[in-house]
Each structure stands twice: as C-alpha cells, then as structure tokens.
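Here is a short briefing to read alongside the structure. Take a moment to look over the view below, and then we can walk through it together.

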Amino acid sequence: MSVRIRHLRAILASINEQLQQDNLRPEARDYLERTADSCRATIRELALKL
C-alpha cells in the first residue's frame, strides 16, 4: 500500500472519529463529510493505479 493511501486512510479514520461527536456544528459536520468523501475518492483512484 502506498504511503499516500496510508496517510489518507489515517486522515479518514480521524474524520470518522470526529463525526461520531454529537456536539459538532452543522457546517463542521458538512465540511468533514465532504472531506471524507474526497479522501475515499482519492484512495480509490490511487488504489486503481497500483
């Protein structure tokens, strides 16, 4: 697994932990969800290139 994929997976894990919090503002939750979607898409793209 490439270093970039590992790094993105670590970021995604952190985002998922943050999304478990009940006290997030709606705009923060939206931002984190968009960022998580972007991480997932990038991981898929990188994995296809391996």
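**A quick tour of the chain**

Buried residues account for 22% of the 50 residues in the protein chain. Please keep in mind that this is a predicted model. The protein chain holds 2 helices and 0 strands.

**Overall dimensions and surface**
- Along the principal axes, the C-alpha atoms of the protein chain fill a box of roughly 40 × 15 × 10 Å.
- The protein chain has an accessible surface of about 4,000 Å², and carbon and sulfur atoms contribute 52% of that surface.

**Helix H2**
- With 24 residues at 1.5 Å a residue, H2 should span 34 Å, and this agrees with the 35 Å between its end C-alpha atoms.
- The buried residues in H2 are Ala 28, Leu 32, Ala 36, Cys 39, Ile 43 and Leu 46.
- An α-helix has 3.6 residues a turn, so residues three or four places apart point the same way.
- Helix H1 (3-19) is included in what covers the buried residues of H2.

**A closer look at Thr 42**
- Thr 42 sits in helix H2, which runs over residues 26-49.
- Thr 42 counts as partly exposed because its relative accessibility is 25%, and the buried class requires a value under 20%.
- Thr 42 and Ile 5 are 37 residues apart along the chain, while their C-alpha atoms are separated by 8.3 Å.

Terms used:
Residues numbered from 1 in each chain as written. Predicted model: local features only at pLDDT ≥ 70, side-chain atom pairs only at ≥ 80, totals over all residues. Heavy atoms only, no water. Helix = DSSP H or I, 4+ residues; strand = E, 2+ residues; numbered from the N terminus. Buried < 20%, exposed > 50% of the residue type's maximum accessible area, 1.4 Å probe, protein only. Areas by Shrake-Rupley, 256 points an atom, 1.4 Å probe, with all protein chains shown as cover. Expected span 1.5 Å × (residues − 1). Contact = heavy atoms within 4.5 Å.
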